Amino acid sequence: MIAAGLVMLISVAGAVVAVSVKNIVHAIFGLGIALGGLALAFLLLSTPFVAAMQVLIYIGGITIAMIFAVMLSSTGKHEPGEGARRRVLAGIVSIVFFIAMAWVVVGSDFGPLMELAPEDMESAWSVQAIGRALLNDFNVAFELLSVVLLVAIVGAISIASRHDEGEDPAINEEGGA
Amino acid sequence: MSYLGSIFSGFKTLLTGLGITGKEIGGKSVTELYPHVEPELPEAFRSVIQLVRFEESGSHDCVACMQCVKICPSTCITIEGGKIEGIKGKRASEFEIDFALCSLCGLCIDTCPTDTLEWANIYDDAGQEREWVYDLLKPHEAFEEQYLTTRRAIEAKEAAEKAAKKAAVAKAKAEKAASEAASQEASPEKSDTTSEADS
Amino acid sequence: MNPHPAPALERAHDDETYYLNMGPQHPSMHGVLRLLLRLRGELILECDPVIGYAHRAHEKMAENRSWIQFLPNTSRIDYLSGMIYNLGYCQAVEKMASIEVPVRAQAIRVIVSELNRIQSHLLWFGTFLLDIGGITPFLYCFDDREKILSILERVTGSRLTYSYGRFGGVSQDIDDVFIEQTRSFLTRMRKQAPMYHQLVHENVIFRKRCEGVGVISREVAHDYGITGPTLRAIGVDYDVRRAEPYSGYEQYDFEIPTRTGGDCLARFEVRIEEMEQSCRIIEQALDALPDGPVKPAKFIKKLKPPAGEFYFAVESARGHFGMHMVSDGGDVPSKIKLRTPSFSLLSSMSEVLEGTMVADTIAILGSVDVVLPEIDR
Amino acid sequence: MTDYGQLIAYLGIGFALGIAALVVPSLIAPRYKGAETEKTYECGVDTVGSAWIRFGISFYLFALIFVAFEVDILYLFPVALVFNEEMFGWRAFVEVFIFLLILSLAIVYAWRKGVIRWTR
Amino acid sequence: MTLEAWILFALVLFCIGLYGVLARRNLIAILIGIELMLNAVSVNILAFNHFLAPDPAVGQIIVLFIIGLAAAEAAIVLSIVLTVYRQRAAIDVQDLKELKG
Amino acid sequence: MPRTLLDIFGNPFIATGVGIGAVMTVLSINVLFCIWFERKVSAWIQRRLGPMEVGPQGTLQTVADMVKLLGKQLLTPAGIDKPLYHLAPLIIFAPVVASASLLPFSKSVALSDLNIGLILVFMFGGFAVVGIFMAGWGSNNKYALLGAMRSVAQNISYEVPLLLSALSVVLMVGAQGGGQIEIGDEVIQLNGLNLSHITLAQTSGLWFIVFQPIAAVIFFIAILAETNRAPFDLPEAESELIAGFHTEYSGMRFGLFFFGEYSNMFIGAMLATVLFLGGWDGPLLPGPVWFFFKSYLLIFVMMWVRWTFPRLRFDQLMAFCWAVLTPLAIVNILVTAFALKVVNG
Amino acid sequence: MNHQLIALLTVMAPLVAFATVLIGFRSKHTVASSIVLISGLVTLVGAALLLFNGPVDGTVFSARWFVIGDHVIEFGVLLDGRTRMMGAVVALITFCIQIYSLSYMSHDPGRGRFFAFLALFEWSMLLFVFASNLLQMFIFWELVGLASFLLIGFWYEKPSAVAAAKKAFIMTRIGDIGLFIGLILLFQTVGTLDVVRITQIFAGEGLPESIAPGRIELIATLLFIGVIGKSAQFPLHTWLPDAMEGPTPVSALLHSATMVAAGVFLVVRFHELFLDAPGTMRFVLIIATTTALLSSTMAMVARDMKRVLAFSSISQLGFMLMGLAAGSLFAGFFHLTTHAFFKALLFLCAGSYIHKFGTNDMVAMGRAGAAGKMKITTIGLVVGGAALAGIPPLAGFFSKEQIIGSLHGPENLIFRIGAYAAAFLTAYYTFRMVFLILRPGIDSEAIEEEPAGSQHADAHDEDHGPAEPWQIVGPIIALTLGTLGAGFLGNRIGHTLLIEHIHHPALAEMAPAIVIALLGVVLAWLDFGRKGARQVGFIARLPAARTLFENRWFIDTVYKAVFVRLAVGFAKLMFGAETRGFDGGADKLGQGTVAAGSQMAKAHSGRLQFYVGTAFVLVAVLVFYLGLS
C-alpha cells in the first residue's frame, strides 16, 4: 500500500516535471523518472519482466535517443515560451477529460470481474509463459514487430540521413577488426 | 582479404601483442627506488659548480681573473678579488653563483685558467625557494660531506703527489748526496726535515 | 544528386559547429601548443595552431652574447635533438671561422649525434603510442632510451641539454666503457626491434589508427618546406647527411629510408628504419674510430669570424635544421636565424588536420613529431 | 515480491551511501572560493561559446538503431527461454530464424547507408 | 491497492501526458507527452491484467508490444523532428508551416 | 539451489541489512584491491614496480588515495546544469550496489535469487549510460560532453552484442538435460534468465565457454567496451579528451565515478564468470573461492588487455561493434539454435 | 497451382520487390526497375489467372494476426467477383505504368526509389482490394494514402511537390477519420470484421432485425466521408489537382486504378450496405452530381493538360458514384473499369507530350507540333479523349450509358439532367484539349506565365533518344486497345460481378447521350477545332463564369475565408496573440487560388494540438452525455 503510493507519487512527480519544465533536457529526465516509477509500478503489478523491459528500452533507449535528438535540434535548451492561456486551456481540457473518465471509472463496478483473477497460476505469470505465447498465439505479431522495427529503422535512417543520399557510402570496404 | 579472414588475422595480432606484454609480467623491473637506492653517478655528472678548495687552509686557486664571469652566458657568477692571508697574489674574496640562473653549461669550468672550478657530484640539490645563490667560498651545508670527501681525496692525492715529488727530490738529493757522500759524509739532519714535510 | 540543396541545410550545418581549445594545458599537446579547433561533432573543420607559449627568444639572445655563449642555448632549442643542434652549431661556427676539427672528434660527433637521433625517435615512438592510447610501448621505449641517456650522460654529464660541443671538437673524449656500452646498446636495440614490430607495427588497432590517416601530399610538403622523416614518408629521399654531408657522414654507408604513403604509418615506418640506419652508422664509426685529440689544445673562447653571411644545415631528428648566421667581424653575432623543421611541420597542420577527426588530430600531431620550443625559439 | 523489494532497497541504500560519500568531504575538505575554482576547464583558456552544442548525426543514428535492436533482442529472451521445449520443435527455430533475419536486414541497411562506416 | 486506484493513477498520468501534448510547443516535448500517455495505457492494461486477467501472459505481451511500438514510433518521430529542424531550424510546432500542406 | 538471505533470516529487514553490508564490503574491498592490482599489473607489464611506499608492496596506496579524495574540495564549476551535474555520480554509483547483489557466488547462499536476474543485471548496467550523459551534459564542458556522447553511443552499441551473446547462453541453458536438473531428490526446471540456474546448468556438464567460445569472446569484448576500458576507453581518452565525461568532477565526486567504474568491471567479470565459466563450479575448493578466482582472472585479463593495446578511433569502434561483433553474434545464435534443434530435436 | 498460392504470389510479389529494392538496390536503378517489373508481371499474371480461372469465392488465404477476445483477426485474400476484377485492373494498369516509367523516369536520379514506391503502392492497393476484413482494409487504405503521399512528393526538393503531397495526405486524412469511425461502428453493429460476413448480412432480404436503420445510415455516411476524401469528391476535392506535382506516371496510376479508385471501390465493396441506407445514397448522389458538374466546369478553363485530366478524373469519379448511388453496382463498377483504361491512357499520352516538349501547357504543346511528331501518342490521345467524351463505341460510352441508364425514374430526373450536363461538358472540354493539341491556332489562348504546377523537373532536354521509345509507346498501344475493347466487356464484367441481369439500354435510350456528347464535340470544334477558330472557348464570352471556373468556384477561397477566419477567430479566442502566420496569410486573400489551397489545409492541419484537444473534449462530452442520459 505504502509502496504503491510511493511509486505513484514518483511517477506523477516525474510526469509533472516532464510536461512542465522549460528546459527540454530536464523534461526528458523527468520523463525518465516517471518511467522509472512506472517500472516500479509494473513490479507491483507482478510483472517484473515487463518492468525490466520498461527500464531497458525506455530509459536506456528511448530517452537516450530523445536526448540525442535534442542535441541535434535545439541548442537553446529552452523552448519558446508558451502562452499562459495555452497552458490554461490545455489544463482545462485535461482536467475535463480526467473528470469525465474518473467518473466512469469510479462509477464502474469491477467487483464481479475480480473473481476471475487467477490465484494459483504461478507458471502463468512467468517469463516462460510470455515466451510460449510469443511462439504460439502471437507468432505473427512477434515477427511483424521485427518488421515494424525494421521499417522504423529504415525510415529513421533514410529520413535522418537524407541529405547525403547522393554520396556513395563506402559499402564494400572490409568489415574491419 | 576476406571479411572473416581479416577478423581472424586481426585477432591474431592482438594475441601476439598480449603474448609480448604477458612475457614481461615475470620479467625484471628496471625501476630504481629513488630515495631508498642511491643512483650511480657518472664521473662527468654535471650538478652544481664548486670551487676546488683546500680543507686546511680553506683556500683555493681562484685568482679572480674574471674569465668565467665573462664567458658565462647566464651572467650568474659574481666574483670579487681580494687577498687571502698567507697566499701570494690575488684571490677571490667573494665567489657567488646564482644557480637559479645558471644553465650548467660548463663553459666556466672549461675556461678556467687555474682549473679551480669543478662539477660537484650532487644529484639531489633542490630547493623550495627562488633564492638559490651559493657562496662557493663557504661550503654549502647541503653537500658539505661530499664536498669534504672529495676535498680530502684531492688533498690526499695532492699531498701524495707532493710527497712523491718531495720524495723524488729527496731521493734525487739523497742519490746526489749519496754520490757526494761517497766523497763526503752525509748529514743525518736533512732526512729529518724531509720526514717532517711528509706529514 | 539533389538538384536544389536546401539553403536551410547549409545554415543548419553552420549551427552545428563549435570552437574547442585543445591545449595549452592538454595531456597530448607536445609541450605547450594550443590548437584552436572549429569542430562539427568530432570532425575538424578548421585548425588554427596558436604558438608562443614556450617562447624564449633564442634568436634574440644570440644577438646579445658571444659566439661561444650561444652554445648552451642550442641544446635547448630542440631538447630532444640537443646533441645534434649543439654540434651543428659548433660545425657552423667552425666552418665560418675556418677551425679545423680533429678526425676523432668528428667521428665522436657522428656517434653521439646518431645516438641522440635514436633517443629522439624512441621518445617520439613512445609518445606517439601514448597519443593513440598505447601506454606500455611508451615505457618500453623509455627503458631503451634510458640506456642511451646513461651512455651520453657518461660523456657529457647531462641527460638532455648536453652542451657537448666545443669549437674545434667536443668537450670530452670517449673511453672504452663508452664504446662497450654503445655496442651493447646496439645489440639490445636490434633485439628489441622485432618485439616492437610485433607489439606495435603489426597490431591491427595500430594499423587502423595509422593507415591512411593524415596523408600529407607532396604539394603541401613542398609549400610548407616540410623536411625530415615526414618528407621522406612522402617519398622524397632528402636528407642533409646525404645531400650536403658534414662531419664525415660521407664516409659511412647508410640508407635513407623512404615510404610513399605520406600517412602516419609511413612516418612511423620511416622513423623505425632510421633508427636501424643510425645503428649502422654508429657501428661503422665505432669500428673506424681514429685516435687523436678530440679538441684543440687551447679552449677557444673568443672568436671573431670574418664578416659576412653564412648558412649551414644539419639533419636533426625532425629534419633540416639550418642556421643562417650573419657576422660583422666581431665576437658577437649580428644575427642568427634558425630554420627549424618543426615550424614547417606545425604550419602545415592547419591544412593537414582539416577534415580529420579529433582522435586523428592527436595521432597526426604525434606522428609528425613537433617540439614546441623549437617552434617558439 | 519481497525479493524485488530487497533489490529496490539496495538501490535506495546505494543512493544514500553515495550522498553520504559526498557529504563527508564537504564537511572536512577545505573550501577555497575564487573565480578560478569555478572556471570551466578548457586547457587553461577561456571557453569559446557554450558547451551545449549540437552534435553530428552519427551518434543519433546509432541510438536509433540501438533502440530497435534492443527491443528486438529483448523479445528474443522469453523466446529463448522456451526455445528448447519439445512442443515447438523446429517451428521455434524457424521463427527465431525469420526474426533474426529481419533484424539483420536493419544492419545491412545501415551498413549500406554508410551509417556504420561513419560517413560523417 | 485496488484496481480502481491503479486505473485512476493511469488516468492521472494520461491526463498529464495529454496536458503535455496540448500545452507544449516543442515537438520533442509533445513526444514526451505522447510517451506518457502510452505508458498510462500500459499501466491500465497491466492493472487489469493483474486483477482480472485469466491469462496473464497476454496482458504482458500487449504491454511489451506497446513498448516496442513506442520505440519504433519514437525513432520515426525523432527523425522527423530532425528533418524538420534541418529545414526550419526550429522545432516549434507553431513554426511548422511546412507540415501543414 | 542457493538459499537466499531471506530464507536464512526470515526477516526481510535483517536480510537486506546483512545483504547491503556484504555487498558494500565486497565492493569496497574489490575497488581498493582492483586499483592497486591494476597499478601493479601495469607495472609488471611495463618493467616497473608500481606503488611501493604505503604498506607492503604499496598495498595500502589506494586507501591513502581514498583518504586524500575524501579530504579534497568538491569544486563546482560555474555555468553547470546543477541538478544533472550533482545527480550524475549517484546515478552511476547506486545501481552498482543493486546489481552486485544479484550475482550468485556460492552454491549454498545467495543474496537474492531472482527469476529474471540476467535481465536485471543488464538493466542496472543501463543506468550507467544515463549517469554518464548527465555528467557530460551537466558539466557544460566541451570535453566532457564529447566524452559523454562517445560513451553513451559506445555503451548502447555494445549492449547489442552483449545481449546477443548472453542470449546464446540462455538458449543453451534450456537445452541442458532437457531443461531439467536433479539436485538430490529435487528436480529443478531450469530457467535461462535465473543466474543460479545458469550456473547449475554448467555444473552438471561442461562450462558454456566450451560450447560458446565465440559468444564468450564477444561477451568479454563487449564487457570491456561497456566498462569503458582500453582499447575502448575513448570516452575518457586522456590524450584526446582530458578525462572525458568526468573532466569537471573532483574529489569524492570523481571518487564515486571511479568506484562505479571499477565495480562495473567487477560485475562484468562476475557475470562473465556465471555465464561462461561455470560460476562457483570447480573442484576441491569451496564455491565462492572458485567464483572470485575466476572473476579476478577475468579482471586480470582485462587489465592485461588494457595495458597492451592502443586505443581505437571512435568510428572504428562503432564499426567494430556493428560490422563485426553484432553480425557474428547473430550468426552465432542462429548456429546455436540450429545445433540445439539438431541435437535435441 | 491452387488459388491460394496464386493469390499469395499476386499480393506479395510487389512487397517483396519493394523491400528488396528499398533495402538493397535503391541506387542500382536497372536492378531496381527490373525487380519491380518482374513483380509487376507476376502480379499481372496472377491477377489474370485469378480473374479467368473461374469463380472461387471467399477467403482463400489467411494468416492469423491477432486475437481480440473472440475475434480472430487475419490477414487474408478475399476472392470474389469485385476483388478479382478490380485486382486485374490494378495489376494491368500498374504494369503498363511501370513499363512506361522505365523510359519516363530514365533520367531521374531517384528512380530506384520511385520503382520501390510504385511497388509499395501496388501492394497496398492490392491488399486493400483483396482485404478480407475491416482492419486490413483500413490499414491498407492508409497505406495507399501513404504510398501516394510518397509518390506525389517524389521530387521532395520541389517545395510545391512537398506541399501537394502533404495536402493530399492531410485532406484524405480528414476523410479517413470518418472512415475509421464508420468502420468501428460497423464492427460494433455487425459484430464481425469479416467482409464476406458483412456483405452477407446486408445482402439479405431487408435489414437484420437487430440493426437500427439510423445506424446503417450513419455508418454509410461515415464511410462515404472517407470516400469523399480519398476519391476527391466535393468538398474535399481540392487536393487532387495539386497532386499533379508528382511524376506523370504517378498521376496516371493515382487517377486510374489506385488511390482515387480506392474510394469508389469502398462503395463497391459495401454496396449492399449502402443500398440499405437510402438516405445516404441520396446524399451520395447529390455530392457526386455536384462534383461531376463542378469539376467539369473547372476543366473547361484549365490550360495545364494534367490539370484538365485531373478535373476530368474528379468528374468521372462523380459519375461512378452517381451510378453506384443510383443503385447500380454494375454501372459504377463498369465505369470504374473503363475509366481506369482511358484515364491511364490519357495520362500516359500527356506524360509522353510533357516528356517530349517539357511543358504542361496544351497550347505550347500544340504549337510545338505535337500532332505531327508523335503519331502513336496522338492516336492514343484521340481514342482516350473520345472514350472520355463518351463517343460510341468506345469504352467510356458504354459505361456512361449504363450510369445514365441507371438514373431512371422521376425522382432522379434532376440528377439525370445533371449527368447529361456533365457529359456534355466532358465532351466539350475533352475535345477542347484534343483540338488545342492537334490543331494549334495562332490566336489560341496564349499563356504568358507558366501554368500553375508546371513540371520542369519532368521535362528533360529536348532531344534525348527517340520521342516515342517502346517503353512509352507499348503501354499506350496496350491501353488504347483496352480502351477500344473494354466497352464490349460489359457482359463479362457483369458476369464476373455475378449480376444476373444487365440492363441493356435500347438505342432510343442511348440517343440523348450520344447527341449530347456529339454536341459537346461540335461545340469544341467550333471553338477550337475549325480553321481560324479563336481558340478561346465560349466561356470567354461569359466573364463571370470564366472567373468563377478559373478560380475553381472559389472553393479554395471560401475554405480559406471560412475555415481560416474561423480558425483565426478561434485561435485569437483561445490562444491569444499567436496568430501572426494567419494574419499574414489573410492579407493575401484575393491573390490566387493555389496559395489558398495550402492556406486552407493549414487551417486544417496546423493546429494539430487544437484538434487533439477538441477530440478529447468531445470524448469527455460524449462520456458525460452517455453517462447522464
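**Burial, helix span and an interface in a predicted model**

Q: Why is D:Asp72 called buried?
A: The relative accessibility of D:Asp72 is 2%, and buried means under 20%, so D:Asp72 counts as buried. The model is predicted. D:Asp72 is found in helix α2 of chain D, residues 57–82.

Q: What makes up the surroundings of D:Asp72, not counting residues up to four places away in sequence?
A: D:Asp72 touches D:Phe99 and D:Leu103 of chain D, together with A:Ser146 and A:Leu149 of chain A. A touch here is a contact, that is, heavy atoms within 4.5 Å.

Q: How do you know what span to expect for helix α4 of chain A, and what span does the model give?
A: The expected span is 1.5 Å times one less than the number of residues. Helix α4(A), residues 84–107, has 24 residues, for which 34 Å is expected. From its first C-alpha to its last the helix reaches 34 Å, which is close to that value.

Q: Which residues of α4(A) are buried?
A: The buried residues are A:Arg86, A:Ala90, A:Gly91, A:Val93, A:Ser94, A:Phe97, A:Ala100, A:Met101, A:Ala102 and A:Val105. An α-helix has 3.6 residues a turn, so residues three or four places apart point the same way.

Q: What makes up the contact between chain C and chain F, and how much area is buried there?
A: Chain C gives 39 residues and chain F gives 23 residues. About 2600 Å² is buried between the two chains, with 58% of it from carbon and sulfur atoms. C:Glu42, C:Thr136 and C:Ile205 supply 19% of the area that chain C buries against chain F, more than any other three residues.

Q: Why is the pair C:Asp360 and F:Arg313 called a salt bridge?
A: The closest N and O atoms of C:Asp360 and F:Arg313 are 2.9 Å apart; the cut-off is 4 Å, so the pair qualifies as a salt bridge. The count between chain C and chain F is two salt bridges. Nine residue pairs are in polar contact across this interface.

Q: What is the make-up by class of the side of chain C that touches chain F?
A: That side has 20 nonpolar, eleven polar and eight charged residues.

Q: How many helices and strands does chain B have, and in what order do they run?
A: Chain B has five helices and five strands. From the N terminus the order is α-β-α-β-β-α-β-β-α-α. Of the 199 residues in chain B, 31% are buried.

How values were computed:
Residues numbered from 1 in each chain as written. Chains lettered and ligands numbered in written order. Predicted model: local features only at pLDDT ≥ 70, side-chain atom pairs only at ≥ 80, totals over all residues. Heavy atoms only, no water. Helix = DSSP H or I, 4+ residues; strand = E, 2+ residues; numbered from the N terminus. Buried < 20%, exposed > 50% of the residue type's maximum accessible area, 1.4 Å probe, protein only. Buried area = accessible area lost by both parts, 1.4 Å probe. Salt bridge = Lys/Arg side-chain N within 4 Å of Asp/Glu carboxyl O. Polar contact = N/O pair within 3.5 Å; in protein donor to acceptor, adjacent residues only side chain to side chain. Nonpolar A, V, L, I, M, F, W, Y, C, P; charged D, E, K, R; others polar.
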